[in-house]
Amino acid sequence: MKRLYLFGLIAGLSLHAAAAKTGPDLLDDKPAFIASLIEQMTLEEKIGQLRLISIGADMPRPRILKELAAGHIGGTFNTVTRQDNRPMQDAALQSRLKIPIFFAYDVVHGHRTIFPIGLGLASSWDLDVIAKSGRVSAIEASADGLDMTFAPMVDISRDPRWGRTSEGYGEDPYLVSEIARTMVKAYQGESPAASDSVTASVKHFALYGAVEGGRDYNVVDMSPMRMHQDFLPPYRAAIDAGAGGVMVALNSINGVPASANTWLLQDLLRRDWGFDGVTVSDHGAISELMRHGVARDGREAARLAIKAGIDMSMADSLYRQELPALVEAGDVEIGEIDSAVREVLGAKYDMGLFHDPYRRIGVARDDPKDTNAESRLHREAARDVARQSIVLLENHDQTLPLKKGGTIALVGPLADSYVDMMGSWSAAGVAKQSVTLRQGMLDALGDEAVLLHARGANITDDQHMVEYLNFLNWDDPEVVQDPRPADEMIAEAVAAAEQADVIVAAVGESRGMSHEASSRTSLQIPPSQQALLKALKKTGKPLVLVLMNGRPLELNWAKANAEAIVETWFSGTEGGHAIADVLFGDYNPSGKLPISFPRSVGQIPTYYNHLRVGRPYVEGKPGNYTSQYFEEPNGPLYPFGYGLSYTGFELSKVRLSSPTLPREGTLEASVTVKNTGQRDGATVVQLYIQDLVASVIRPVKELKAFRKVVLKAGEEREIRFSLDEDDLKFVNAQLQRVAESGEFEVQIGLDSQHVKQQRFVLE
Ligand code: NOJ
C-alpha cells in the first residue's frame with residue numbers, strides 16, 4: 001500500500017512546476033513538496049483540508065467515507081482504533097490528490113492507561129515522572145493509529161471554581177511552563193514523524209484559565225503585563241519545545257474572541273513567537289463568533305476566523321459553506337486560504353503521513369486483538385506516577401501509615417468507584433479497568449487485616465446536580481444514586497466504623513464535577529458527604545480522609561477534625577493500588593501542591609505569587625485599613641508547594657556564592673537538606689525570588705527553580721541552584737523582558753511559605 005501510494009502522489013506532482021526535481025527528491029523537500037501540492041488543488045480541495053470533523057457527531061459513517069474520497073476532509077477526531085481509522089485513510093487516499101488525513105484525540109492524561117489528572121501529575125513536581133506519563137500516552141495513542149493529541153492543556157488557573165482547573169497543571173507560570181515543555185517533548189518523542197509519536201496541540205490558546213468568575217467559556221479581561229508575565233509563558237514554552245499544533249480557546253480576550261483575534265494568532269503567535277505549525281479552532285468556536293456578537297452571520301464568522309489565523313475549523317461546517325463565496329467575492333484572499341492549507345499539509349508532512357499514511361495505522365494483520373487494550377496497559381508506570389502524585393496534607397499522631405492488621409472501615413461514595421478514579425477527559429480509558437481504592441486496599445492487605453466497607457453517602461443528594469452531571473450520559477449514567485435514605489447509609493457506615501480501629505473515608509467530587517462546563521460556586525465537599533464525615537467523627541475513631549477531587553476544596557472542617565488527609569486527585573487506572581501504597585507506607589508520599597487551597601470560596605483568587613500592595617496584611621497582626629477580609633486570615637489554608645512526608649526534612653540556612661550577581665555571570669545559592677526522620681523519603685526543594693524594588697510592582701515571590709531530592713533516613717545533601725540574569729527578568733510597563741539592577745531576595749523552602757532567605761544585588 002505504501003509504495004503504491006507514493007507512486008501515485010509523486011506521479012501526480014511530477015506533472016507540475018515545483019516538480020522540476022525528481023519525484024523522491026521532491027518528497028524530501030518539504031516547502032517545494034507542499035507548494036507543488038497546493039498548486040494542483042482546487043479551491044474545494046483546499047477548503048476540504050481545513051475541515052476537522054468529529055467522528056460520531058458530525059455525520060454518518062458512509063457520508064464521511066464519501067466526503068473523504070472527494071478530498072473534503074483534512075482530519076478527524078474521536079476514533080481510537082486502527083480498525084476504525086484504516087477505512088477512513090483508505091477513503092482519503094482515493095481522493096484525486098491522495099492527500100492523507102490525520103487522526104486526533106483528546107489524550108490529556110493517558111490514552112488507554114490513565115494517569116492522574118493534570119493537577120495530580122503536577123503534584124509530583126518531577127519532570128521525569130511527568131514525561132513518563134506523556135511518553136506512555138504517545139506510545140499507546142500512536143499504536144491505535146492516532147497522529148495528534150489535543151494536549152498539553154497548560155491554562156494557568158487561579159480560580160478553582162473553574163471546572164477545567166483539573167486538567168491543567170496549576171497556578172504557577174514557571175512550574176506549568178516546565179511541564180508544558182516536558183509534555184510536548186514526551187508526546188512528540190524523537191520527532192513528530194516517528195511512528196510512536198503523536199503531535200502535540202497545545203491548548204487552549206490563550207488565557208482560558210482566567211475566565212471571569214471561573215465560569216466556563218467566559219470573558220477574559222487582563223492587562224498585557226499580567227498576560228505576558230503570568231499567563232502566556234506556558235503556551236510559549238510548549239511552542240518553543242516544538243509543539244506542532246495550537247488549539248485556540250473558546251474565551252474572548254479584552255473584547256475580542258480568541259477565534260477571531262488577529263493580535264493573538266498572528267502578531268503574537270506567528271510573528272513574535274515564530275510558530276509555524278497548525279492552528280485548530282475549539283469545538284464549534286467559529287459559529288460561536290455569532291453568539292459572541294462579533295459576527296452577524298456565518299459568512300462573517302468564517303471570514304473573521306480565517307483572517308485571524310484559524311487554519312482548521314473543528315466540528316463546524318462554516319468554512320466549507322462560506323469560504324468558496326468569500327473567496328469568489330474577494331472578501332478572503334486565496335493567499336489566506338493557501339497559508340492555512342500550507343500549515344495543515346505541513347503538519348501532515350511533519351507527522352510523516354506523506355511518506356507513509358499508514359505509519360501509525362499499520363496493517364490489519366498486526367492489529368491488536370484486544371480492542372480495549374487489557375493486555376496493553378502500562379499498569380506499572382501508572383502506579384508509579386500515581387503514587388508520586390499524591391499529597392499528604394495532614395498526619396497527626398502518626399496516624400499514617402496504617403498498619404496492615406486489625407480492622408479498617410472503608411467508607412464514602414468514592415471508595416469503590418471505577419469511573420471517578422479515571423478523572424475527566426480519560427480518553428480511551430475503560431472505567432472497569434481501573435483499580436478502586438477498595439480493591440487496592442484489599443490487594444495490599446490480603447488476609448492480614450479485615451476491611452469493612454460501607455458506602456455511607458451518595459456523592460450528593462441534590463437531584464438537580466445529579467441530573468446535570470448525567471446530562472451527557474443518560475444511557476449509562478455516571479453518577480448512580482444509592483436509593484437508600486441518607487440516614488440509613490450513614491448508620492451503616494457508623495456501624496462499620498465502630499467495629500474498626502481506624503476509618504478511611506474516600507470523599508470529594510465525582511469526576512464530572514471537575515470537568516468542562518462544571519464550574520462551581522462552592523468548594524465544599526457536598527453536604528451529603530459532610531454529614532457522613534460528622535457522624536463518623538462522633539465515633540471517636542481515627543479518621544483518615546482520602547480526597548478525590550479535581551480542584552482545591554475548602555477543607556477547614558477536615559483540617560480541624562481529621563487525623564490525616566491525603567489528597568489523591570483522580571489518580572487513574574492504578575489509583576487504588578497507588579493510594580493503598582501511600583496509606584500503608586509502601587510508598588512514602590512526596591507530592592507537593594501545584595495550586596493554593598483557599599480557606600473559603602470568598603477568598604478567590606488565592607495564589608502565592610500575588611503582587612505587593614500599599615497596605616499589606618501582616619500575618620499575626622491583622623489590623624484595620626490593611627488589605628484583608630475581616631472574617632478570616634489572608635492566605636491559603638494549604639499553600640502552593642506544600643506537602644508532608646512520613647519522614648521529616650530540615651533545611652540549612654541559604655548560602656550564596658557571592659553577595660553580587662554580575663550581569664553576564666552566575667550566582668550559586670545552596671542549602672543542605674536533611675532527612676531527620678526514621679524513613680527514606682523524597683521532598684522538593686523550591687527556590688523563589690523576590691525583586692525588592694523595581695519600576696513596576698513585582699510579586700511577593702516567584703518560583704524560579706526546584707529539585708526533587710530522595711534521601712535515606714538520616715541522610716543529608718547539599719542542593720545547589722545556579723542563578724543568572726535571566727532568572728531575574730520580568731515584563732516591564734513597555735512589555736519588554738528586563739532585569740533591573742538592585743537588590744533581590746532568594747528564598748528556599750519545602751513549600752512557598754516557610755522559607756529561608758538571603759539577599760544579593762544584581763549589578
Ligand atoms: C472541547 C474542549 O474545549 C477541548 O479541550 C477539546 O480538545 C475539544 N472539545 C475536542 O474534544
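Predicted model: local features only at pLDDT ≥ 70, side-chain atom pairs only at ≥ 80, totals over all residues.
You'll find Leu 207 in the loop between strand 5 and strand 6.

Val 211 counts as buried because its relative accessibility is 3%, and the cut-off for buried is under 20%. Leaving out residues up to four places away in sequence, Val 211 touches Trp 162, Tyr 217, Asn 218, Val 219, Val 220 and Asn 251.

## Around the ligand

So where does the ligand go? It sits in the largest pocket. The residues surrounding the ligand are Phe 77, Asp 106, Phe 150, Arg 164, Lys 203, His 204, Met 247, Asp 282, His 283, Met 314, Trp 425 and Glu 516.

For Asp 106, a side-chain N or O atom is 2.5 Å from an oxygen atom of the ligand. For His 204, the distance from a side-chain N or O atom to a ligand oxygen is 2.6 Å. Lys 203 has a polar side-chain atom 2.9 Å from an oxygen atom of the ligand. On its own the ligand has 290 Å² of accessible area, and the protein covers 94% of that.

## Two cis peptide bonds

Lys 203 and His 204 turn up again here: the peptide bond from Lys 203 to His 204 is cis, with omega near -10°. His 204 is part of strand 5.

Another cis peptide bond runs from Ala 151 to Pro 152, where omega is near 0°. Pro 152 is placed in the loop between strand 4 (148-149) and helix 9.

Which residues of helix 11 are buried? In this helix, made of residues 233-240, they are Pro 234, Tyr 235, Ala 237, Ala 238 and Ile 239. The cover over the buried residues includes helix 9 (173-188), strand 5 (199-205), helix 10 (224-231), strand 7 (245-248) and helix 12 (262-272). Just past the end of helix 11, Gly 242 takes a positive phi of about 105°.

Is Lys 46 buried or exposed? Lys 46 is buried, at a relative accessible area of 8%. It belongs to helix 4 (residues 43-49). Not counting residues up to four places away in sequence, Lys 46 touches Ile 38, Met 41, Ile 334, Ile 337, Asp 338 and Val 341.

Gln 603 is buried too, with a relative accessible area of 4%. This one lies in the loop between helix 24 (575-583) and strand 18 (649-651). With residues up to four places away in sequence set aside, Gln 603 touches Pro 598, Tyr 629, Glu 632, Pro 633, Asn 634, Gly 635 and Pro 636.

## Leu 735

Leu 735 is a residue other than glycine with a positive phi, near 65°. Leu 735 is found in the loop between strand 25 (730-731) and strand 26 (737-738).

Notes: Residues numbered from 1 in each chain as written. Heavy atoms only, no water. Buried < 20%, exposed > 50% of the residue type's maximum accessible area, 1.4 Å probe, protein only. Helix = DSSP H or I, 4+ residues; strand = E, 2+ residues; numbered from the N terminus. Contact = heavy atoms within 4.5 Å. Near = heavy atom within 4 Å. Polar contact = N/O pair within 3.5 Å; in protein donor to acceptor, adjacent residues only side chain to side chain. Areas by Shrake-Rupley, 256 points an atom, 1.4 Å probe, with all protein chains shown as cover. 1 Å grid on protein atoms, 1.4 Å probe; cavity = no way out; pocket = protein on both sides within 12 Å on 5 of 7 lines; lining within 4 Å. Sits in = over half its atoms within 2 Å of the grid points.
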